[in-house]
Amino acid sequence: MAHGAILPNPGQESLIADQVAINYLKADITERQQAMLDFALQVSLDQGSVSPDDFAALEQHGFTTDDIWDGIAAITFFALSDRMANVTAMRPNDEFFGMAR
């Protein structure tokens, strides 16, 4: 919800954000976007399994080393902030729930 709310305008981008939030494997995204989301899931659930082959697979989809680095930074930052929020039982304020709706 929070990540979808930061999109620049409602409409198609919001629809895709909602589709990705529900099940990115069935979302209207490109193969390139799916490759990065597959990688994000791997980093989130089994970071120890990440190998040079995973980076090569992303490069085959047109991602540069900088793109991959930016992806890793975003993936791990969101993992950190989500875990901190869960561990501390942080609850958004009521205004948050109405954002971009």
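T65 counts as exposed because its relative accessibility is 59%, where exposed means over 50% relative accessible area, buried under 20% and partly exposed in between (1.4 Å probe, protein chains only). T65 lies in helix 5, helices being DSSP runs of H or I with at least four residues, numbered from the N terminus. This is a predicted model, in which local features need pLDDT of at least 70 and side-chain atom pairs count only at pLDDT 80 or more, while totals for chains, interfaces and linings use all residues. Residues are numbered from 1 along each chain as its sequence is written, and side-chain values use heavy atoms, with hydrogens and water left out.

**Position of T65**
- A distance of 8.4 Å separates the C-alpha atoms of T65 and F55, which are ten residues apart along the chain.

**Nonpolar core**
- The largest nonpolar core has nine residues: A35, M36, F39, A40, V43, L58, F63, I68 and I75; such a core is a set of buried Ala, Val, Leu, Ile, Met, Phe, Trp, Tyr and Cys residues joined through side-chain atoms within 4.5 Å.
- Helix 3 (31-46) and helix 5 (65-87) each supply at least two residues of this core, and the largest share, five residues, comes from helix 3.
- Beyond its neighbours within four places in sequence, I75 is in contact with F39, A40, V43 and S44, contact meaning heavy atoms within 4.5 Å.

**Packing of helices 3 and 4**
- Helix 3 packs against helix 4 (residues 52-60) at an angle of about 160 degrees, with the axes 10 Å apart; axes are lines fitted to C-alpha atoms over the stretch in contact, and angles run from 0 to 180 degrees between N-to-C directions.
- Helix 3 and helix 4 are therefore roughly antiparallel to each other, a term for angles over 145 degrees.
- The contact involves A35, M36, F39 and Q42 of helix 3 and D54, F55 and L58 of helix 4.

Definitions and conventions
Parallel < 35°, antiparallel > 145°, perpendicular 65-115°, else oblique.
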